Protein chains: 2
Amino acid sequence: MYLSKITVTLRKSILDPQGKAVEHGIHSLGFESVEDVRIGKFIELSVNASSKNEAELVTRDVCQKLLANPVMEDFSFVVEEVKED
Amino acid sequence: MYLSKITVTLRKSILDPQGKAVEHGIHSLGFESVEDVRIGKFIELSVNASSKNEAELVTRDVCQKLLANPVMEDFSFVVEEVKED
């Protein structure tokens, strides 16, 4: 069993109004030193695969087909083996 | 300048209906080997601080006060120094 940890982020050229709203909230709390807030998604999933390579292939496929919008978003992931008890 | 990369995840004991919906979508695409999908948030922000330690303190404070709901969510982050050109 493998655990994939995926981050999906908006491309740099895409405006992020949600990030701007959160940045405004952070400034309202008095943290003036914080800027350039950008919000993305974090997805964890388990993959039942016979090798790490296979788990990576499945994860990449799932990201490309469902989790990330290829026009607006980039994704990255790490795959870790999970020891089963 | 420092870049904080923050992940906010639902605690294990909290049901994640959004994750269940995505898992259903993944299965519909034919990836039967994927399970336990959980969705969280990924937040990137820049901190104008004089040391990495100060940037970490600001990031932790922002997470506790705004970004994560302490009842339902956990957060983790890494802080990287950004070289300015």
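This is a predicted model: local features need pLDDT of at least 70, side-chain atom pairs count only at pLDDT 80 or more; totals for chains, interfaces and linings use all residues.
Residues are numbered from 1 along each chain as its sequence is written, chains are lettered from A and ligands numbered from 1 in the order in which they are written, and side-chain values use heavy atoms, leaving out hydrogens and water.

Next, select A:Lys12 and B:Glu44, which form a salt bridge too, its closest N and O atoms 3.6 Å apart. This pair crosses between chains, from the loop between strand 1 and helix 1 of chain A to strand 2 of chain B. Helices (H or I, at least four residues) and strands (E, at least two) are DSSP runs, numbered from the N terminus. Across the interface of chain A and chain B there are two salt bridges.

Now show strand 2 of both chains. Strand 2 of chain A pairs with strand 2 (residues 34-47) of chain B in the antiparallel sense over eleven bridges; two strands pair if DSSP finds at least two bridges between them. To see one spot along the way, pick A:Val47, which stands opposite B:Val34.

Zoom out to the whole contact (heavy atoms within 4.5 Å). How many residues does each chain bring to it? Chain A gives 31 residues and chain B gives 31 residues. The area buried between the two chains is about 2600 Å², 68% of it from carbon and sulfur atoms. Buried area is the accessible area (1.4 Å probe) that two parts lose on being put together, summed over both. Colour A:Phe31, A:Phe42 and A:Glu44: they supply 21% of the area that chain A buries against chain B, more than any other three residues.

Finally, look at both chains together. A rotation of 180° with 0.0 Å of shift along its axis superposes chain A on chain B (RMSD 0.0 Å), so the two copies are related as by a two-fold rotation axis. The superposition is by least squares on the C-alpha atoms of residues with pLDDT of at least 70 in both copies. The same surface serves both copies, as 100% of the contact residues of chain A recur in chain B.

How values were computed: A salt bridge is a side-chain nitrogen of Lys or Arg within 4 Å of a carboxyl oxygen of Asp or Glu.
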